[in-house]
Amino acid sequence: MSTNQERRAEARQRLREQMEAQARREKQLKIAGAAVVVVVLLGIVGVVVWNKAEQARAEEYAANWVTCEYAEETPMEKVDPAQFEDQGPEVVAEAERFNEQIDEIEETKREVEPPSGDQPRRGTAEITIATNAGDIPLQLDRAGAPCNVESFVHLAEQAYFDDTECHRLTIGEEGAELSVLQCGDPTGTGLSGPGYAIVDEPPTDLPVAEDGSGMSVYPRGTVAMAKSQAPNSAGSQFFLVYEDSMLPPEYSVMGTIGESGLEVLDEIAEGGIKSDDPMSEDYQAPKRPVQIEKITVGAQEGLPEE
């Protein structure tokens, strides 16, 4: 039989073993807890890093690409000439001519689908307008008007402008400084477009007219989109500025005209217009018809990577 001393020694040994086992369990629990904390922290850090990376990618994408809105074009509607009888026969005749133009538009208009997808915010496009009066080279810059430039390139690539006539030529005069050749309407009426309208992208860096009128100076060599007085009403019509012109700063500037093109425009302007009478059907029509034979899209550079 064990002596009391032996039994006490055995009890102390069992106690030490129990205490060591308890210490090991507590140490293991602490290690496991620390591991869980590390995993959780790593997960949080990973989420934060991923979110920041996603935000950076989104910001980079937004800096390079834009979602353009191309609304359906508002159709022109006929007027009742009888409503203008009290304003005289000339006004009635003008209303009748307007209705005839609406019929002409229905017969000769060209409609296409607008560009799809997001559009580049930067990059240039070399354009050549081949006319019966000579070639007019353009350099379009998306940075100032990405949606309008994309639409122009899109239409040109679909031969929308080919075999069309530039319908309007303005000769700048004192107090009415507007010297442009306006093109881009396949019907030749100045009332039609591609079936969709483009959002305004007004310029912000044009010189301000010195006469206090609030107008801006569209410098010689500018190519910009034509529009009505209504907002976001540009379509396919554009104008080429051959002398500094005064306009409200609401016409989207797409780029510049090459020097050889300006020489062609100068010759067209020297030919004059058929009539300066606003009531004439030949009002501001070039005396020597200007026919766009073809618009070609050349090199496009500086586009963001997809």
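Which residue of strand 12 does alanine 224 stand opposite? The residue is phenylalanine 239.

The model is predicted: local features need pLDDT of at least 70, side-chain atom pairs count only at pLDDT 80 or more, and totals for chains, interfaces and linings use all residues. Residues are numbered from 1 along each chain as its sequence is written, and side-chain values use heavy atoms, with hydrogens and water left out.

Strands here are DSSP runs of E with at least two residues, numbered from the N terminus. Two of them count as paired if DSSP finds at least two bridges between them.

Strand 12 covers residues 238-241. Strand 11 (residues 222-225) is joined to strand 12 by three bridges, and the two run antiparallel. Strand 8 (residues 180-183) also runs antiparallel to strand 12, with four bridges; here cysteine 183 has phenylalanine 238 as its bridge partner. As for side chains, Phe238 and Leu240 point one way from strand 12, while Phe239 and Val241 point the other way. All four are buried, that is, under 20% relative accessible area with a 1.4 Å probe and protein chains only (exposed is over 50%, partly exposed in between).

Strand 4 comprises residues 124-131, and six of its eight residues are buried. Strand 4 pairs with strand 5 (residues 134-141) in the antiparallel sense over eight bridges. The two form a hairpin with two residues between them, and threonine 131 has glycine 134 in strand 5 as its bridge partner. Strand 4 is also joined to strand 15 (residues 290-301), again antiparallel, by seven bridges. In that pairing alanine 130 stands opposite lysine 294 of strand 15.
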